[in-house]
Every structure is written in C-alpha cells, then in structure tokens.
Amino acid sequence: AESFGADEARRLGLVHEVVPAAELAGRGRSFCDGLLKNGPAAMAAAKKLVAEVARRPLDAALIDETAARIARAAGRIRMRPETYALIAEGRAGKGDVIGIARVAAIQAAKRTGELIPLCHPLALTRVAAEFALDPDLPGVRCAVTVETVGRTGVEMEALTGVSVGLLTVYDMCKAVDRGMTIEEVRVVEKQGGKSGRWLAGGPPA
C-alpha cells in the first residue's frame with residue numbers, strides 16, 4: 001500500500017480500509033474499555049452455561065462410544081474317534097494340543113489388526129480362550145471372549161481367536177487325521193456400542 005498509495009491499494013483490493021493511526025489507537029482503546037466493562041458479565045454467563053450443561057444427563061450414545069466392548073465367539077472341530085482319543089489321553093505326537101491351541105487363540109486375538117487388512121489394532125483389556133473336549137462330536141469346542149474399552153467392537157478379535165485356535169488343533173493332529181472339519185465359527189454374543197447387547201438367536205443388533 002505504501003508503494004501505490006491508499007487509493008490505488010484500495011482499487012487493487014490489497015486493502016479494504018485505510019485507517020489513520022490516531023483513529024486505530026482510538027478503536028483499540030474502545031475495545032479494551034468494552035472488554036473491561038463487560039468481561040465480568042460474560043464470564044458469569046459462561047460459568048452459568050457450563051453449570052447447566054453439567055447438570056444435564058449424558059447422552060446414552062456418547063456413553064456407549066466409550067464403554068466396555070465385549071464379544072464372544074465360538075466354533076468346533078470334528079475328527080475321527082481315534083484322533084479324539086489321542087487328544088483326550090494326551091498322546092498327540094506334537095504335545096499338549098489344548099494347551100498350545102489356547103496360547104495360539106489368545107495370541108491371534110491380540111494380533112488381529114496384523115492379520116485382517118482393515119481391522120485397527122486395539123488395546124485389549126482381556127482375552128480368554130476356553131476349549132472343551134466333546135465326545136459326542138467327537139471333537140473339540142472353542143470359545144473366545146475379548147474385551148476392550150473404546151469406540152470399536154471386538155467381534156473380529158474373538159472370531160480370529162477361535163479360528164486360529166481350531167486351526168492349531170488341526171495342525172497338531174493333521175498327521176493322523178487330515179479329514180478334520182472346522183465348523184460353525186460365529187459370534188455368539190456382543191456387548192457395548194450403540195446397539196447394546198446382542199445374543200445369537202435373538203433379534204439383529
């Protein structure tokens with residue numbers, strides 16, 4: 001503006017208003033006077049608003065977004081009676097089938113974000129893997145429960161845990177029974193989030 005002059009600078013759109021220094025100083029003083037005069041009232045109004053918001057009940061959806069998330073998945077693996085007997089009697093060639101499968105299930109649930117491309121890594125607060133021998137199948141049943149606190153559910157972590165746990169059973173026994181079948185891997189329960197609690201066989205979440 002100094003090179004072109006006030007009129008030229010205004011014409012070119014470089015400035016919208018040219019204010020003399022004395023007038024600018026006066027505006028500054030007026031602003032400060034108004035702030036000092038109205039500041040206490042503005043602060044009191046702000047405190048009143050904060051107090052009013054604090055008295056309001058929290059929105060349920062907001063609570064769910066940061067509440068505990070729980071998911072439970074289950075599945076099973078069928079096998080020949082002879083294979084079942086090896087596991088039940090602890091005679092499998094590779095060692096403790098159930099013990100190793102449990103470790104694999106827990107580890108897989110924790111690393112789901114590395115296995116499934118669009119799953120985010122989550123800070124899990126609990127992973128529990130349960131295995132049960134079922135002579136009526138014959139075979140092994142597996143259930144994995146996963147918990148966290150945050151905005152994302154943990155169904156994928158529970159499903160991954162069950163899948164890898166049962167795959168580990170297959171791996172440890174495949175030398176004697178390649179016909180084993182993994183079946184019915186599914187979510188059976190979830191809690192938390194906007195949809196609340198859901199149980200398999202109930203209404204959709």
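**Reading a predicted fold: cavity, sheet and helices**

Modeller: About 30 Å³ of space lies in the largest cavity. Keep in mind that this is a predicted model.

Biologist: Which residues line the largest cavity?

Modeller: Read a lining as a list of residues, then ask which elements they come from. Here R69, I70, A71, G153, V154, E155, K190, Q191 and G192 line the largest cavity. Strand β1 gives the largest share of that lining, three residues, and both β1 and β4 supply at least two residues.

Biologist: How many bridges hold β4 and β5 together, and which residue is the partner of K190 in β5?

Modeller: Strand β4 (residues 181-191) and β5 pair over two bridges, in the antiparallel sense. K190 has W198 as its bridge partner in β5, and E189 stands opposite L199. The hairpin of these two strands has six residues between them, and G192 takes a positive phi near 95° there.

Biologist: And how many bridges do β2 and β3 have?

Modeller: That antiparallel pair has 10 bridges, with L124 facing T148 of β3 as one example. Their hairpin runs through four residues. Back in the sheet, β1 and β4 pair over eight bridges, again antiparallel, and R76 has E183 as its partner in β4.

Biologist: What about backbone geometry? Which peptide bond is cis?

Modeller: As a rule, most peptide bonds are trans, and most residues other than glycine have a negative phi. The exception to look up here is the bond from L137 to P138, which is cis with omega near -15°. P138 sits in the loop between β2 and β3.

Biologist: Where is E184 found, and what is its phi near?

Modeller: E184 is in strand β4, and its phi is near 50°, a positive value in a residue other than glycine.

Biologist: Last topic, helices. At what angle do α5 and α7 pack?

Modeller: For a helix pair, read the angle, the distance between axes, the handedness, and then the residues in contact. Helix α5 (residues 97-110) packs against α7 at about 145°, with the axes 7 Å apart. The crossing of α5 past α7 is right-handed. The contact residues include V97, I100, A101 and A104 of α5, and T160, G161, V164 and G165 of α7. By class, that contact has 11 nonpolar, four polar and one charged residues.

Definitions and conventions
Residues are numbered from 1 along each chain as its sequence is written. This is a predicted model: local features need pLDDT of at least 70, side-chain atom pairs count only at pLDDT 80 or more; totals for chains, interfaces and linings use all residues. Side-chain values use heavy atoms; hydrogens and water are left out. Two strands pair if DSSP finds at least two bridges between them. Axes are lines fitted to C-alpha atoms, for helices over the stretch in contact, and angles run from 0 to 180 degrees between N-to-C directions. A crossing is left-handed if the near helix is turned anticlockwise from the far one by less than a right angle, and right-handed if clockwise. Contact means heavy atoms within 4.5 Å. Ala, Val, Leu, Ile, Met, Phe, Trp, Tyr, Cys and Pro count as nonpolar, Asp, Glu, Lys and Arg as charged, and the others, Gly among them, as polar. On a 1 Å grid over the protein atoms alone, a cavity is a set of points where a 1.4 Å probe fits but cannot get out, and a pocket is an open set with protein on both sides within 12 Å along at least five of seven lines; lining residues have an atom within 4 Å of a point. Grid points are joined across faces, edges and corners, and a volume is the space filled by probe spheres set on the points.
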